[in-house]
Amino acid sequence: MSEQEVARAAVVDGPGHAPSSEVPDGRRSRRNLFSGSVGRNIGLVVALVALCVVGYVTAGENFANVNNVLTILRLAAVLGVLSVGMTFVITGGGIDLSVGSVMGLATVWASTLATQTMAADTHWIVMVGVALAVGTVCGLINGVLVAYGKVVAFMATLAMMVGARGLAEMISNRQTQRVTEVDAFLEFFRADLLGVPVLVWMFAVVAVAGWFLLNRTTFGRRTVAVGGNPEAARLAGIKVKRHTMYLYGLVGLTTGIAAVMMLARTTAGSSTNGLFYELDVIAAVVVGGTLLAGGRGTIVGTVLGVLIFTTLTNVFTQNNMSTSAQAVAKGVIIVVAVLLQQRFASRARST
């Protein structure tokens, strides 16, 4: 290689980097592969497999049997649907602390005697519609406050978290409302399809739809742009405020779907439904690889993050470990995930 070629390679690769011709193409491609989303997802799969091995070693057949696997998937379904919506909001540079409370409010509103009576007289889809409407409206209110009211997302959704929980308590009079008037609703959502619960199929459909929306549509590209640099997105012609409102409406919609699933799983609407779910949801999204600062999101990673957390909870339960130990373990996982995110972000900036 001549001196001119070496100088040209140094300019291209930047200071402190070896000339590109001295790094084999195969090694560079492998390094780029494992430092990107594929590498992160492989790491999550390895972590999930390791958890399953620990569960099998410590709990034996009680962990590995089909019924327990389906239990893990049922638990993951509700949390997963919420997490898919949260992935969009965080990717867009926001956050929503109200998803658990809004889900509780939606289950209460959809299970009131008036709603059940209307559903019994017409069709159980009325209960589904009420839950979806409550979730979407609450999400849009958050979006309007954040985008047009210029309220910090943390504070706007914190207010919704408190307000929605209080409204749910007022509507239900702090009583658990049983679904007793609409048997067809329970029969449909508690059924199995090809041996797999309908709730798990719903989670799969929402995850696939979320992946397609984020990775294959203009809406997804705009979400990444808004989260990465709102001002640059605005100069590029994206209506940032309106898009932000849509993002919160979307997480509200997924919250309504999760409320339907929770209502079917527990057969009851309660103001305590979804209590502290927002913490598990945000943790699963962050562990999955979505940047808290916005600008990067991954639905596949979110699904794996949800499965990791639900499997971890199941392993603790199988071994009769306390909820306090579970909380400590989740806290450690979140801290490690955030530290890894910072390391990857600083490495990306330096290259």
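This is a predicted model: local features need pLDDT of at least 70, side-chain atom pairs count only at pLDDT 80 or more; totals for chains, interfaces and linings use all residues.

Q: Which residue forms a salt bridge with Glu 169?
A: Arg 174 does, with the closest N and O atoms 3.4 Å apart. A salt bridge here is a side-chain nitrogen of Lys or Arg within 4 Å of a carboxyl oxygen of Asp or Glu.

Q: And Arg 174, buried or exposed?
A: Arg 174 is exposed, at 65%.

Q: How many salt bridges by this rule?
A: The count is 2. Arg 234 also forms one with Glu 231, the closest N and O atoms being 2.5 Å apart.

Q: Where do Arg 234 and Glu 231 lie?
A: Both are in helix H13, residues 230–235. They sit 3 residues apart, about one turn of the helix. Helices are DSSP runs of H or I, at least four residues long, numbered from the N terminus.

Q: What's the exposure of that pair?
A: Arg 234 is partly exposed at 47%, and Glu 231 is partly exposed at 42%.

Q: New topic. Which residues form the nonpolar patch on the surface?
A: Val 137, Ile 141, Leu 145, Val 151, Val 152, Phe 154 and Met 155. Together they have about 590 Å² of accessible area, by the Shrake-Rupley method with a 1.4 Å probe, where only the protein chains shown count as cover for residues. Patch residues have over 30% relative accessible area and no salt bridge; nonpolar side chains (Val, Leu, Ile, Met, Phe, Trp, Tyr) are joined within 5 Å, like charges within 9 Å.

Q: Which helices supply at least two residues each?
A: H8 (125–147) and H9 (153–172). The largest share, 3 residues, comes from H8. Met 155 lies in H9 and is partly exposed at 46%.

Q: Now Gln 116: buried or exposed?
A: Buried, at 2%. Gln 116 lies in helix H7, residues 113–121.

Q: What is Gln 116 in contact with?
A: Leaving aside neighbours within four places in sequence, its contacts (heavy atoms within 4.5 Å) are Ala 110, Ser 111, Met 127, Arg 178, Val 179, Thr 180, Glu 181 and Val 182.

Notes: Residues are numbered from 1 along each chain as its sequence is written. Side-chain values use heavy atoms; hydrogens and water are left out. Buried means under 20% relative accessible area, exposed over 50%, partly exposed in between (1.4 Å probe, protein chains only).
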